Amino acid sequence: FGAGKKPIPIAIEGFTGVSLDHLLEEKLGGELAGHDWQWRKARHIDDVVAAIASGDARIFVAEADGEVLGYISSVIDREAGRGRIPNLAVAASARGHGIGRALIEHALDYFRKENLAYAVIETMETNPIGQTLYPATGFQEIARQVHYAQRL
């Protein structure tokens with residue numbers, strides 16, 4: 001990962017069609033400011049990596065035989081008592097085997113050990129897996145947000 005680098009294939013598989021960055025590019029017609037959605041998504045992940053040094057973020061990885069099957073990122077806001085999951089991706093070849101659920105449960109256990117009051121996760125309307133998986137792991141829908149954009 002890293003700005004200027006392409007995300008690993010699992011991130012591309014996991015966020016194609018279901019990330020705001022990808023949808024922006026589709027709706028506004030191509031790259032924005034000379035960068036594609038994958039570059040912008042890598043920057044979001046960079047933010048989590050930078051927060052790891054402060055002790056307020058973690059990335060947990062599911063793997064088998066040295067192959068990364070999925071990952072989840074988690075960020076803590078201790079003052080607010082909130083745990084946030086900004087990224088969850090499972091390799092297409094590994095979907096349907098409970099890896100996403102296991103990663104979410106692991107992140108939630110981490111938040112509980114950190115004595116947080118609540119956890120949040122977001123998904124796009126275009127992500128039917130997230131809309132099914134997140135309630136199945138105990139999340140409740142709180143609100144919907146509409147994103148608007150225009151090319152300048």
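Select Arg40 to start; this residue is found in helix H3. The model you are looking at is predicted. Is Arg40 buried or exposed? Its relative accessibility is 13%, so Arg40 counts as buried, because buried means under 20%. Now show what surrounds Arg40. Setting aside residues up to four places away in sequence, Arg40 touches Asp21, Glu25, Leu32 and His35.

Step along to Lys41, also found in helix H3. Lys41 has a relative accessible area of 6%, so Lys41 is buried. Which residues does Lys41 contact, leaving aside its neighbours within four places in sequence? They are Phe15, Asp21, Pro86 and Asn87. Next, draw a distance from Lys41 to Ala92. These two are 51 residues apart along the chain. Their C-alpha atoms are separated by 18 Å.

Now select the whole of H3, residues 37–52. H3 has 16 residues. From its first C-alpha to its last, H3 reaches 23 Å. That is close to the 22 Å expected at 1.5 Å a residue. Colour the buried residues of H3: Trp37, Gln38, Trp39, Arg40, Lys41, Ala42, Ile45, Val48 and Ala51. What covers them? The cover includes helix H1 (9–15), H2, E1, E2 and strand E3 (82–90).

Move to Ala33, in the loop between helix H2 (20–28) and helix H3. Ala33 is not a glycine, yet its phi is positive, at about 55°. Its relative accessibility is 76%, so Ala33 counts as exposed.

Asp65 is not a glycine either, and has a positive phi of about 55°. Is Asp65 buried or exposed? With a relative accessible area of 86%, Asp65 is exposed.

Next stop: helix H4, residues 99–113. H4 has 15 residues. The reach from its first C-alpha to its last is 21 Å, close to the 21 Å expected at 1.5 Å a residue. Colour its buried residues: Ile99, Gly100, Leu103, Ile104, Ala107, Leu108, Tyr110 and Phe111. Which elements do they pack against? The partners are E1, E2, E3, strand E4 (118–121) and H5. Just after H4, click on Asn115, which takes a positive phi of about 60°.

Finish with H4 and H5 together. Two packed helices are described by the angle between their axes and the distance between the axes. Select H5, residues 128–136, and keep H4 on screen. The two helices pack at an angle of about 50°, and their axes are 10 Å apart. That angle makes H4 oblique to H5. H4 passes H5 in a right-handed crossing.

Zoom in on the contact. From H4, show Gly100, Arg101 and Ile104. From H5, show Leu133, Tyr134 and Ala136. These residues meet where the helices pack. How many nonpolar, polar and charged residues does the contact of H4 with H5 have? It has 4 nonpolar, 1 polar and 1 charged. Gly100 and Ile104 also belong to the buried residues of H4.

Conventions. Residues numbered from 1 in each chain as written. Predicted model: local features only at pLDDT ≥ 70, side-chain atom pairs only at ≥ 80, totals over all residues. Heavy atoms only, no water. Axes fitted to C-alpha atoms, helices over the stretch in contact; angles between N-to-C directions. Helix = DSSP H or I, 4+ residues; strand = E, 2+ residues; numbered from the N terminus. Parallel < 35°, antiparallel > 145°, perpendicular 65-115°, else oblique. Left-handed = near helix turned anticlockwise from the far one by under 90°. Contact = heavy atoms within 4.5 Å. Nonpolar A, V, L, I, M, F, W, Y, C, P; charged D, E, K, R; others polar. Buried < 20%, exposed > 50% of the residue type's maximum accessible area, 1.4 Å probe, protein only. Expected span 1.5 Å × (residues − 1).
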